[in-house]
Amino acid sequence: MGKNADVSVAADLGEIAFSPGREEWIEYGPPGERVRVGFHDYAALYAVPGLYERVFYEELGMGSADVVVGLYAEALRSLGRDGARERVLDLGAGSGIGGALLRREADVGFLVGLDREPAAREAAARDRPGVYDAFTVADLAAAPGTFETLAAHDFTAVVAVSAIGSGHIPLELLAETLERLLRPGGLFAFAVSDVLLPDFFVDFFARVDAEKLGERTYVHRRQTDGSPHGAQAVAARLR
Ligand SMILES: C[S@@+](CC[C@H](N)C(=O)[O-])C[C@H]1O[C@@H](n2cnc3c(N)ncnc32)[C@H](O)[C@@H]1O
């Protein structure tokens with residue numbers, strides 16, 4: 001397995017198959033015991049050790065964790081900020097791939113995960129124990145009281161890997177998260193799919209007063225038909 005997918009795989013995941021045409025389902029398991037789950041059914045994907053990593057990172061070559069965490073780490077270096085003093089929220093943390101990289105590549109000292117799926121917290125604790133100092137299970141869109149609880153952590157940065165955009169955390173909610181959880185000088189890094197560009201960033205930076213520190217256009221992953229799914233990532237500092 002690659003460096004972002006280094007979890008022990010208990011089940012025989014067998015060959016991974018995808019729904020033809022639309023990205024609707026994923027099938028895995030040994031012959032005669034094949035299991036089908038929804039393409040974006042994260043609870044089902046996280047429940048099986050190594051399945052999410054195998055599907056998205058190995059089969060589909062997902063690159064967002066490296067790019068987004070890389071931009072954040074570069075921003076820290078360019079500002080002369082010590083990762084060990086950073087207090088970071090990993091927004092839409094999933095099973096902790098981005099969190100593990102934040103520790104390893106940016107040397108982040110204090111790290112909180114947040115995801116709406118209880119299975120994400122279980123997977124992160126199972127597959128990457130110790131990566132998070134705390135992990136909140138909440139849907140930010142549906143539980144605004146979560147902001148008060150999170151604010152107590154006094155974050156210096158918010159990082160979101162593959163968790164912004166349609167079906168995930170929308171622009172308005174991301175903007176509100178930054179405003180409510182960061183002070184001026186707070187850093188953030190995230191990426192959005194190229195189907196949302198260029199309007200997303202224009203609208204976002206009209207809404208959020210921030211200085212861009214770095215950006216990258218890259219291939220987020222292959223689509224199941226083999227075509228590239230592009231994305232753009234940015235790291236910035238709140239004014
Ligand atoms: C594509 S996964 C990415 C997971 C992880 N960051 C990674 O790169 O492996 C997106 C995650 O965002 C979470 N998510 C989406 N919308 C959310 C919301 N409104 N509040 C909390 N979590 C959310 C999903 O449950 C899912 O685990």
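Ala 17 stands opposite Glu 27 in strand β2. Strands here are DSSP runs of E with at least two residues, helices are runs of H or I with at least four residues, and both are numbered from the N terminus. The model is predicted: local features need pLDDT of at least 70, side-chain atom pairs count only at pLDDT 80 or more, and totals for chains, interfaces and linings use all residues. Residues are numbered from 1 along each chain as its sequence is written.

Strand β1 (residues 17-18) is joined to β2 by two bridges, and these strands run antiparallel; two strands pair if DSSP finds at least two bridges between them. Six residues lie between β1 and β2 in a hairpin, where Gly 21 in the turn has a positive phi of about 80 degrees. β2 also pairs with strand β3 (residues 35-38), in the antiparallel sense over four bridges, and Val 35 in β3 is the bridge partner of Tyr 28. This second hairpin also has six residues between its strands, and Gly 29 in the turn has a positive phi of about 110 degrees. In a regular strand the side chains alternate between the two faces of the sheet. In β2 (residues 25-28), Ile 26 and Tyr 28 form the covered face, while Trp 25 and Glu 27 form the uncovered one.

An open sheet of seven strands has the order β6-β5-β4-β7-β8-β10-β9, with mixed pairing. Because β6 (134-137) and β9 (210-222) stand at the edges with a single partner strand each, one side of each is left without a neighbour in the sheet. From one strand to the next, the twist averages 20 degrees; axes are lines fitted to C-alpha atoms, for helices over the stretch in contact, and angles run from 0 to 180 degrees between N-to-C directions. β9 runs antiparallel to β10 (residues 228-238), and eleven bridges join them. Val 219 stands opposite Gly 230 in β10.

The largest nonpolar core has 68 residues, and those with the most contacts inside it include Val 68, Tyr 72 and Ala 189. Such a core is a set of buried Ala, Val, Leu, Ile, Met, Phe, Trp, Tyr and Cys residues joined through C-beta atoms within 7 Å. A residue is buried if 20 or more other C-beta atoms lie within 10 Å of its own, exposed if 12 or fewer, and partly exposed in between, with C-beta atoms placed from the backbone. Helix α3 (residues 64-79) gives the most to this core, with nine residues. The 16 residues of α3 should span 22 Å at 1.5 Å a residue, which agrees with the 23 Å between its end C-alpha atoms; the expected span is 1.5 Å times one less than the number of residues.

The cover over the buried residues of α3 includes α4, β7, β8 (187-193), β9 and β10. Ala 73 is found in α3 and is buried, with 21 other C-beta atoms within 10 Å. Leaving aside neighbours within four places in sequence, Ala 73 is in contact with Glu 105 and Ala 106; contact requires C-beta atoms, placed from the backbone, within 7 Å. Just after α3, Gly 80 takes a positive phi of about 70 degrees.

Helix α4 (residues 97-106) is mostly covered, with seven of its ten residues buried. Among these are Ile 97, Leu 101 and Ala 106. Just after α4, Asp 107 takes a positive phi of about 55 degrees.

How values were computed:
Contact = placed C-beta atoms within 7 Å.
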